[in-house]
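Here's a quick walk through one model, residue by residue where that helps. Have the sequence and the coordinates open as you read.

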Amino acid sequence: MYSKAMTSNLTKLFGRDLEKLSAELEAYATETALWTLVGDIKNSPGTLTLHIVGSLNHFIGATLSHSDYVRDRDAEFSRQDVPREELLEMVEDKLSPPFDGGLKWVYRNFSSESKRETSGLRLTVDVCSALI
C-alpha cells in the first residue's frame, strides 16, 4: 500500500546519505586522491561513487519507474579521472526529481500483495525496500 510517510522517510534517508557522500567527495585534498587505491581496498572512492549512482539510476530509475537509463556497469568500474565536480553533480541529481518520483512510484505500485516481474525477479514492496 502506498504510504506518503514511508516515501517521505525514504527520501529523507537517501538525501541524508547522498549528502554525506557529497561531503566525503569534497573532503579529499586532491582529485587524484578520489581515484587512488589504498592498501587492500579494491575500488577507489570515485569508482564507488559511479557504482552507487549507476545502481540508483538502474534500480529506481530504469527498473522501477521505467526511465530510459541504460546501465553500463563495466564503465562504472573502468572510468577513471572523472572530475570531482562531475561526480558531485551526479550525486546531486539523485537528490531531486525525477529520482524522488521513483521512490513514490515504488510505493504506489507495489503493495505486499501486488507483484511485478522485472529482470526475471518477482518484486514486492519488501523486496524493493531491500534493493533501495
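## Starting from Pro45

Pro45 sits in helix α2. Before going further, keep in mind that this is a predicted model. Setting aside residues up to four places away in sequence, Pro45 touches Tyr28, Ala33, Leu34 and Thr36.

The largest share comes from α2, with four residues. How much space lies in the largest pocket? About 200 Å³. Sorted by class, the lining has ten nonpolar residues, four polar ones and one charged one.

## The overall layout

Now zoom out for a moment. The chain's secondary structure comes to six helices and two strands. Reading along the sequence, you get the pattern α-α-α-α-α-β-β-α. The chain has 132 residues, and 38% of them count as buried. Take the contacts between residues at least 6 apart in sequence: 63% of them join residues at least 24 apart.

How confident is the predictor? The average pLDDT over the chain is 78, and 67% of the residues score at least 70. Residues 111–115 have a pLDDT below 50, though this stretch still has twelve contacts in the model beyond near neighbours in sequence.

| Residue | Where it is found | Relative accessible area |
|---|---|---|
| Glu76 | helix α3 (residues 73–78) | 5% |
| Asp81 | loop between α3 and α4 | 59% |
| Leu87 | helix α4 (residues 84–93) | 0% |

Is Glu76 buried or exposed? Glu76 counts as buried because its relative accessible area is 5%, under the 20% cut-off. The Glu76 side chain makes a polar contact with the side chain of Arg71, at 2.8 Å. Not counting residues up to four places away in sequence, Glu76 touches Thr47, Leu50, His51, Gly54, Ser55, Tyr69 and Arg71.

Leu87 is buried too, with a relative accessible area of 0%. Which residues is Leu87 in contact with, once neighbours within four places in sequence are left aside? They are Leu25, Leu34, Trp35, Gly46, Thr49, Leu50 and Val82. Leu50 is also among the residues that Glu76 touches, and Leu34 is also among those that Pro45 touches. For a sense of distance, Leu87 and Val53 are 34 residues apart in sequence, and their C-alpha atoms are 9.1 Å apart in space.

Asp81 is another story. This residue belongs to the loop between α3 and α4. Asp81 counts as exposed because its relative accessible area is 59%, over the 50% cut-off. If you check its backbone, you'll find a phi near 60°, a positive value in a residue other than glycine.

Terms used
Residues numbered from 1 in each chain as written. Predicted model: local features only at pLDDT ≥ 70, side-chain atom pairs only at ≥ 80, totals over all residues. Heavy atoms only, no water. pLDDT = per-residue confidence, 0-100. Contact = heavy atoms within 4.5 Å. Buried < 20%, exposed > 50% of the residue type's maximum accessible area, 1.4 Å probe, protein only. Polar contact = N/O pair within 3.5 Å; in protein donor to acceptor, adjacent residues only side chain to side chain. 1 Å grid on protein atoms, 1.4 Å probe; cavity = no way out; pocket = protein on both sides within 12 Å on 5 of 7 lines; lining within 4 Å. Points joined across faces, edges and corners; volume = space filled by probe spheres on them. Nonpolar A, V, L, I, M, F, W, Y, C, P; charged D, E, K, R; others polar.
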